[in-house]
Amino acid sequence: NPVAAVIPAAGRGVRLGPGAPKALRALNGTPMLIHAVRALAASRHVSLVVVVAPPDGAAEVKSLLDAHALPDRTDFLVVPGGESRQESVRLGLDALPPQYGTVLVHDAARPLVPVDTVDAVIEAVRDGAPAVVPALPLADTVKEVEPATVAGAPEPVVATPERARLRAVQTPQGFDRETLLRAHETVTGDVTDDASMVEQLGLTVVAVPGHEEAFKVTRPLDLVLAEAVLARRRL
Ligand code: C5P
């Protein structure tokens with residue numbers, strides 16, 4: 001049962017500040033996307049990586065992949081992405097050859113995920129879970145608010161979920177291929193991850209331990225942290 005990874009990398013990365021699409025920005029001189037591709041291809045189970053490029057950037061992404069050293073045993077495909085993350089993932093799934101029974105979906109914006117986390121997700125899918133997410137306990141207490149209509153205005157707090165029962169969810173998320181395809185065909189409406197679409201089908205999603213270094217590069221400070229992690233790895 002070969003494993004394919006779909007990497008949505010079509011976001012603009014507005015929260016990171018002005019510049020190139022987020023996935024193409026450099027971390028210690030190498031584009032974030034290349035780090036993410038290497039992180040997934042580092043798993044000996046992953047034999048195909050599908051990169052979903054910015055809609056007008058597929059050629060550029062293809063030449064980036066050609067220009068960087070990547071494992072020989074892995075195949076790479078590049079497809080143009082869409083307006084939303086969900087659409088980008090679906091376009092990636094459309095490009096998957098039929099032999100891949102297990103699919104990982106991994107944000108290009110999580111370039112430093114360790115291979116052990118990737119393998120733990122794959123193993124849980126192979127053990128029979130239709131959907132698997134890597135997840136970590138929260139440091140912060142989380143509150144639900146009534147969102148203000150004017151940015152910066154005070155927001156009434158509605159509820160405080162018990163922190164010990166909450167997890168922050170990362171990627172790669174792993175799926176039985178048929179389950180993920182059905183989720184993408186059936187579920188409409190905005191979602192922020194793929195596993196929640198499987199939840200909406202009424203199936204059980206399981207969480208396995210995530211990793212601190214699988215954090216999402218979203219804001220400028222995250223770039224500083226990512227480069228520090230890379231520098232430490234070189235020691
Ligand atoms: O916006 P967010 O941080 O949730 O994006 C997560 C991932 O989804 C990023 O890797 C981003 O490039 C990707 N994405 C995409 N297509 C979009 C929007 C986001 O592939 N239209």
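## A look around the predicted model

Strand S4 (residues 46–53) runs parallel to strand S5 (residues 75–80), and six bridges join the two. Strands count as paired here if DSSP finds at least two bridges between them, while the elements themselves are DSSP runs numbered from the N terminus, with helices (H or I) of at least four residues and strands (E) of at least two. Between S4 and S5 the chain passes through helix H2 (residues 58–67), making a right-handed β-α-β crossover; right-handed means that, with the strands pointing away from the viewer, the path from the first strand over the helix to the second runs clockwise.

Before going further, two notes on reading the model. Residues are numbered from 1 along each chain as its sequence is written. This is a predicted model, so local features need pLDDT of at least 70, side-chain atom pairs count only at pLDDT 80 or more, and totals for chains, interfaces and linings use all residues.

Val51 is also among the residues with the most contacts inside the largest nonpolar core, which has 58 residues. Such a core is a set of buried Ala, Val, Leu, Ile, Met, Phe, Trp, Tyr and Cys residues joined through C-beta atoms within 7 Å. A residue is buried if 20 or more other C-beta atoms, placed from the backbone, lie within 10 Å of its own; 12 or fewer make it exposed, and anything in between partly exposed. Helix H1 gives this core its largest share, eight residues. Setting aside residues up to four places away in sequence, Val51 touches Ile7, Ala9, Leu33, Val37, Val61, Phe76 and Val78, where contact means C-beta atoms, placed from the backbone, within 7 Å.

Now for two helices, with the expected span taken as 1.5 Å times one less than the number of residues.

| Helix | Residues | Span, first to last C-alpha | Expected span |
|---|---|---|---|
| H4 | 115–126 | 16 Å | 16 Å |
| H7 | 220–233 | 21 Å | 20 Å |

In H4, the buried residues are Thr117, Val118, Val121, Ile122 and Val125. They sit on the same side of H4 because they cover an arc of only 135° around the axis, taken from the directions from the helix axis to the C-beta atoms. Their cover includes strand S1 (3–8) and helix H1 (32–41). H7, in contrast, is hardly covered, with one buried residue among its 14.

Lastly, Ala183 lies in helix H5 (residues 177–186). Ala183 counts as buried because it has 24 C-beta neighbours inside 10 Å.

Note on methods
Contact = placed C-beta atoms within 7 Å.
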